[in-house]
Amino acid sequence: NVMDDFEDFFDLVDKSAKSLGIPSETAIAECAPGQFEINLLHHDDPLLMADQAFLMKRSIKNCAKKFNLNATFMAKPFFEQSGSGFHCHYSLWKDGKNIFAESGKLSQMGRYFVGGLQKRMAETAICGSATVNGFRRRQPYTFCPINTAWGIDNRTVGIRVIESSDNATRV
C-alpha cells in the first residue's frame with residue numbers, strides 16, 4: 001500500500017493539523033505517483049475554511065521538508081501524469097435542513113444551483129485555473145473539468161453531484 005510508505009509523514013501532518021486547529025479527516029492516494037488528497041471537515045464559515053486550507057498547505061510543505069520530501073500544489077507538475085486539483089463541496093442549509101437534498105437525491109433547489117454554476121463556469125474558470133499550468137491540466141480523461149456538464153458521482157464532468165443521505169448530499 002502506497003499510504004504505508006508515507007505513514008510517518010502523514011502522522012506528522014495529522015499532528016500538525018490538530019495543533020493548528022484544522023479538522024482534517026482522511027488522506028487517500030490519488031492517480032499519480034506521490035499524489036494524495038487530504039480532506040478538511042466541512043463547516044459553515046467560508047473565511048475560516050480558506051484560512052484552514054492555506055495553513056494546511058503551509059503545514060504540509062513544512063512536514064515534507066522534515067522527511068526530505070518536496071510537496072507541491074501545482075496543478076500539473078508532470079505533463080505525463082495526472083494533475084492535481086482543488087475542489088469544494090457545496091450544500092445549502094436552512095433551519096437545520098440541507099435544502100440541496102430531498103430523500104437522498106438532489107432537490108429542485110440543488111438543480112437550480114447546478115444550473116447557475118453551469119451558466120457561469122466559463123466566466124469563473126480563471127478562479128479554478130489561475131495559471132497557465134492550471135490550464136495545462138484541462139485535458140480529456142484527466143478527472144479535470146473540460147465541459148459544463150454535470151453528473152452523479154462522475155469525476156469526468158465539470159460539476160459532480162454526490163447523492164447520499166440528506167445530510168451528505170452535495171455539489
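This is a predicted model: local features need pLDDT of at least 70, side-chain atom pairs count only at pLDDT 80 or more; totals for chains, interfaces and linings use all residues.
Begin by selecting Phe6, Phe9, Phe10, Phe36 and Phe67, which together form one aromatic cluster; residues are numbered from 1 along each chain as its sequence is written.

The structure holds 6 aromatic pairs, where rings of Phe, Tyr and Trp (its six-membered ring) pair if their centres lie within 6.5 Å, and planes under 30 degrees apart count as stacked, over 60 as edge-to-face and the rest as tilted. Now show Phe6 and Phe36, whose ring centres are 5.1 Å apart with planes at 70°, so this pair is edge-to-face. Phe6 sits in the loop between α1 (2-5) and α2, and Phe36 in strand β2 (residues 36-40), so that the pair links distant parts of the chain, 30 residues apart; helices (H or I, at least four residues) and strands (E, at least two) are DSSP runs, numbered from the N terminus.

Next, select Phe9 and Phe67, whose ring centres lie 6.2 Å apart with planes at 90°, so they too are edge-to-face. Because Phe9 belongs to helix α2 and Phe67 to the loop between α3 (46-66) and β3 (93-94), the pair ties together parts that are 58 residues apart in sequence. Phe9 is buried, at 9% relative accessible area, whereas Phe67 is partly exposed, at 35% (buried means under 20%, exposed over 50%, partly exposed in between, with a 1.4 Å probe and protein chains only).

Finally, move to Gly116 in helix α4 (residues 108-128), which is partly exposed at 35% relative accessibility.

Terms used
Side-chain values use heavy atoms; hydrogens and water are left out.
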